[in-house]
Amino acid sequence: MCSTCGCGEGEVRMTTLDDTATTQTHGHDHHGNHDHDHHHHDQDHDTGGPRTHTLDLEIAVLAKNDRLAADNRAWLADRKVAALNLMSSPGAGKTTLLERTIAASDRAVTVIEGDQETLFDAERIRTAGARAVQVNTGAGCHLDATMVAAALQRLQPETGSLLVVENVGNLVCPALFDLGETRKVVVISVTEGDDKPLKYPHMFAAADLVVVNKTDLLPYVDFDLERLETDARTLNPQVRVLALSARTGDRFDDWLGWLAAL
Ligand code: MG
Ligand code: ZN
């Protein structure tokens with residue numbers, strides 16, 4: 001996972017975008033030496049060398065994340081909040097999808113925005129009419145359950161609302177980290193190529209829904225929608241696939257209908 005993908009330690013910053021903008025900095029301990037007991041245990045008993053040690057530590061990080069994600073899931077269920085974990089490569093159109101969703105939705109929408117740097121996307125969400133908390137992960141390349149828990153405390157989504165967590169643009173490690181979401185959604189745009197499911201199988205195997213975005217550009221690119229669907233279903237027979245354009249609104253009702261059923 002992230003020890004091999006370049007996701008390092010650093011500072012996570014959180015900014016609330018509603019009436020008042022405040023910034024708070026948190027230490028970032030989720031990759032590495034937060035678990036000293038485990039560390040020493042490994043050194044005493046490890047016969048497999050440093051590689052086994054790293055693997056054990058990664059399993060511990062993911063197990064801890066899963067426990068915190070279960071807490072988030074219970075917290076959200078208490079408030080009847082439906083939560084999406086929205087994942088994609090950078091530039092697939094997640095924020096544009098959210099802007100149109102906020103405009104069309106008849107229930108309250110709140111957003112947790114994950115990016116390494118900038119408040120750009122949270123500002124777009126606020127302009128579209130929803131409250132947002134921006135989480136800046138610095139060197140980190142995914143959101144984890146701890147960050148989402150902290151953001152939820154600030155955001156306090158209304159009972160019965162829709163919460164969308166826009167993950168850091170990355171088709172790799174976000175697939176590993178449960179955030180406590182109700183559904184995982186992968187967005188892929190037609191400009192990225194139809195080979196993404198086979199190249200990033202973990203992401204597509206984990207998804208409940210694949211949104212194929214930017215269908216207005218299909219005449220200009222070689223993208224075989226049928227191949228995309230076939231490959232996604234080979235990895236994940238239950239997955240739903242919706243092709244739409246968040247920019248033009250083409251087939252957007254399919255997405256709104258899927259959301260309404262959550
Ligand atoms: Mg975005
Ligand atoms: Zn990562």
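Is lysine 196 buried or exposed, and with which residue does lysine 196 form a salt bridge?

Reply: In this predicted model, lysine 196 is buried, its relative accessible area being 12%. That value lies under the 20% limit, which means that the residue is classed as buried. Its salt-bridge partner is aspartate 195, and the closest N and O atoms of the two are 3.3 Å apart. Aspartate 195, in turn, is partly exposed at 21% relative accessibility.

A further salt bridge joins aspartate 216 to arginine 247, with 3.1 Å between the closest N and O atoms. These two residues connect distant parts of the chain, being 31 residues apart. Aspartate 216 lies in the loop between β8 (209-213) and α9 (225-235), whereas arginine 247 lies in the loop between β9 (240-243) and α10 (252-260). As to accessibility, aspartate 216 is partly exposed at 22%, while arginine 247 is exposed at 60%.

Arginine 251 and aspartate 254 also meet through their side chains, in a salt bridge with an N to O distance of 2.8 Å. Here aspartate 254 has a relative accessible area of 30% and is partly exposed.

Beyond these pairs, a network of salt bridges links Arg73, Asp178, Glu181 and Lys184. The count for the model comes to 15 salt bridges, including the one between lysine 196 and aspartate 195.

Methods:
Residues are numbered from 1 along each chain as its sequence is written. Chains are lettered from A and ligands numbered from 1 in the order in which they are written. This is a predicted model: local features need pLDDT of at least 70, side-chain atom pairs count only at pLDDT 80 or more; totals for chains, interfaces and linings use all residues. Side-chain values use heavy atoms; hydrogens and water are left out. A salt bridge is a side-chain nitrogen of Lys or Arg within 4 Å of a carboxyl oxygen of Asp or Glu. Buried means under 20% relative accessible area, exposed over 50%, partly exposed in between (1.4 Å probe, protein chains only). Helices (H or I, at least four residues) and strands (E, at least two) are DSSP runs, numbered from the N terminus.
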